[in-house]
Amino acid sequence: LQNMLEELIIHQPDDPIQFMINHLKQNNDDAPRICVLGPPASGKTTVALWLCKRLDAIRISRQTLLFKEALVLTGEAKAYKERKEKIPNALWANLIQERLSNVDCIKQGWILEGFPENQEQAWILQSSGIIPRHVVVLYAPDTVLIERNSGKRIDPITEEVYHTTFDWPRDMLIQERLVVPEGLSEQEISKKLLEYHRNFPGIFQIYQKVLKSINADQPSMDVLSQVLTYVQTRHRSAAPFTPRIVFCGPPGSGKSLQAALLAQKYGVVNICCGQLLKEIVAGKTKLGELIKTYIDSGYPVPDKLVMKILTERLNALDCMTNGWVLHGFPKDVEQGEQLQESHFVPN
């Protein structure tokens, strides 16, 4: 819903109802939308390829847009490349927008590698409705990046990046077909690093709420692990919401006390499952008498009965309006699943 409202505000369609219907039909709000940024030789391609494999998402880079996609605007972009002219930011954004509108990107999500490079490109993406959920920024000392660049090799078939010192493939066939990337002398890499450092503050300003900087000067599996952990997190919305809190823990761990403190501070309804059952028994209703027989005989009250009582309580007006904090239930996986199935999902 939040994503759909964002799209409505950005696009301001003439027919908002039809726009929302189309959004619900086409968009997968759980699909990844990730930008992987960083200076030259920081490992953007390696991270993007690995994320695509793990998340089954579509990788989009300047290379894939120019040489692997049959897009309407590809020819125009290639013409700039052949004339050795800089491709305009607006044309890049239009290429990206065209690619992201394809069904595979909508359903599977996307990893945008190395773009945007500056604030103007980021603004153009945003005005086109392209808003990443996660922005990963890789960083390392310039000396490390220059050293990495000198040994960088690319597999032209898979586009995977290798290094003569740090990451040389064992497969002889791969070794034979590796090529040196074009136009990355030490002087050129130094120039690109200077340009990157000049542009990065503008990018940070736009994406700071969804941006995570990760040190690329560490073992590759550590980098990949930190990236994956971040892109699988959900950002907290600043929008108002009704708290639905569950406290779990062993006996004596302080669940009741913490729940009482939360209820007192934030005005949410404090629900102790054991206390709720006692109140039902005290009410001397037919349901209370049935529960009393279980309690008196020392048997646990069946989950179905507990869920019936909890459902009624959590659906009460005070819980719906103010939110709730629940403790004493669930105590096992089955009870947790029953709570989920009843649509009482803690947030």
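Visitor: Why is Arg62 said to lie over the face of Trp92?
Guide: A charge sits over a ring if NZ of Lys or CZ of Arg is within 6 Å of the ring centre and within 35 degrees of the ring normal. Arg62 is at 4.5 Å from the ring centre of Trp92 and lies over its face. Arg83 lies over the face of Tyr80 too, at 4.9 Å from the ring centre. This is a predicted model, in which local features need pLDDT of at least 70 and side-chain atom pairs count only at pLDDT 80 or more, while totals for chains, interfaces and linings use all residues. Residues are numbered from 1 along each chain as its sequence is written, and side-chain values use heavy atoms, without hydrogens and water.

Visitor: What makes Trp92 and Phe115 an aromatic pair that is tilted?
Guide: Rings of Phe, Tyr and Trp (its six-membered ring) pair if their centres lie within 6.5 Å; planes under 30 degrees apart are stacked, over 60 edge-to-face, the rest tilted. Trp92 and Phe115 are 6.4 Å centre to centre with 50° between the planes, hence a tilted pair.

Visitor: Why is Trp92 called buried?
Guide: Its relative accessible area is 4%, and buried means under 20%, exposed over 50%, partly exposed in between (1.4 Å probe, protein chains only). Phe115, at 2%, is buried as well.

Visitor: What makes Phe200 and Phe204 a tilted pair?
Guide: Their centres are 6.2 Å apart, with 45° between the planes. Phe200 is partly exposed at 21%, and Phe204 is partly exposed at 36%. Together with Tyr196, Phe200 and Phe204 form one aromatic cluster.
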